Amino acid sequence: MNIRAFVATDADAVWAILEPMLRKGDTYTLPSHWSRAEAMDYWLTPGHHVFVAEEGDRILGTYYLKTNQKGGGEHVCNCGFVTGVEAMGRGIARAMCAHALETAKALQYRAMQFNFVVASNTRAVALWKSFGFEIVGTLPRAFRHPQHGFVDAYVMFKTLA
């Protein structure tokens, strides 16, 4: 597997990964009704470093890395990760997280923070913990899950320096 920077010709494959996540509505605080244009505008927002994970000529996942806050918080980055439905359970998110941590260090970030990890997304929580992220805050019943109702969300943090 290879992880590389997004290029414009990746747009169809990235949309094919983002759309099922949006429609399911159980992991991100993004509107499930968003159009392709809205979702891609969000994912490719200026300031986002966007990457894809590929195997051969197939894109299996995507992530972005960005500065979490401006000014006094600009030394902390934030990421968003999505794995394609058919590639789940194959280590794609693990590879993207490892790449993101190395990229963040190369960009001289001192920490990485996930602002809103849905507690019912137990695979993501376990993965981030395996990389040394700690839950530093719990937002009680902050996410309206389409099946489980209101569930907690976590703020997760890892020092890089």
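Modeller: Happy to! One cut-off first: an angle of 65 to 115 degrees counts as roughly perpendicular. Please also keep in mind that this is a predicted model.

With that cut-off in hand, look at helix α1 (residues 11-24) and helix α2 (residues 36-43), which pack at an angle of about 105° with their axes 10 Å apart. α1 and α2 are therefore roughly perpendicular to each other. On the α1 side, the contact is made by Ala11, Asp12, Val14, Trp15, Leu18 and Leu22, while α2 brings Arg36, Ala39, Met40 and Trp43.

Helix α2 lies across β2 (49-55), β3 (58-67) and β4 (76-83), and runs at about 55° to β3. Helix α3 lies across β1, β2, β3, β4, β5 and β7, running at about 35° to β3.

The sheet itself is open and has seven strands, in the order β1-β2-β3-β4-β5-β7-β6, with mixed pairing. β1 (2-5) and β6 stand at the edges, each with a single partner strand, so one side of each has no neighbour in the sheet. Neighbouring strands are turned by 25° against each other on average, direction ignored.

Now let us settle on β3. Seven of the ten residues of β3 are buried, so this strand is mostly covered. On one side, β3 pairs with β2 in the antiparallel sense over seven bridges, and Glu54 has Ile59 in β3 as its bridge partner. The hairpin of β2 and β3 has two residues between the strands, and Gly56 there takes a positive phi near 65°. β3 is also joined to β4 by seven bridges, again with the strands running antiparallel. In this pairing, Tyr63 has Phe81 of β4 as its bridge partner.

Further along the sheet, β5 and strand β7 (residues 149-159) run antiparallel and are joined by six bridges. Val118 stands opposite Ala153 in β7.

Two backbone details are worth a look while you have the structure open. Gln108 has a positive phi of about 70° although it is not a glycine. This residue sits in the loop between α3 (92-106) and β5 (111-118), and Gln108 is exposed, with a relative accessible area of 67%. Arg141 also has a positive phi, near 45°, without being a glycine. Arg141, however, belongs to strand β6 (residues 134-145); with a relative accessible area of 61%, Arg141 is exposed.

Last, the cysteines. A search of the whole structure finds zero disulfides. For Cys77, the nearest cysteine sulfur is that of Cys79, 5.0 Å away; a disulfide would need the two sulfur atoms within 2.5 Å. Cys97 is in no disulfide either, and the nearest cysteine sulfur to it, again that of Cys79, is 7.3 Å away. Cys77 is buried, with a relative accessible area of 0%, and Cys97 counts as buried at 0% relative accessibility.

Methods
Residues numbered from 1 in each chain as written. Predicted model: local features only at pLDDT ≥ 70, side-chain atom pairs only at ≥ 80, totals over all residues. Heavy atoms only, no water. Helix = DSSP H or I, 4+ residues; strand = E, 2+ residues; numbered from the N terminus. Buried < 20%, exposed > 50% of the residue type's maximum accessible area, 1.4 Å probe, protein only. Axes fitted to C-alpha atoms, helices over the stretch in contact; angles between N-to-C directions. Parallel < 35°, antiparallel > 145°, perpendicular 65-115°, else oblique. Contact = heavy atoms within 4.5 Å. Pairing = 2+ DSSP bridges.
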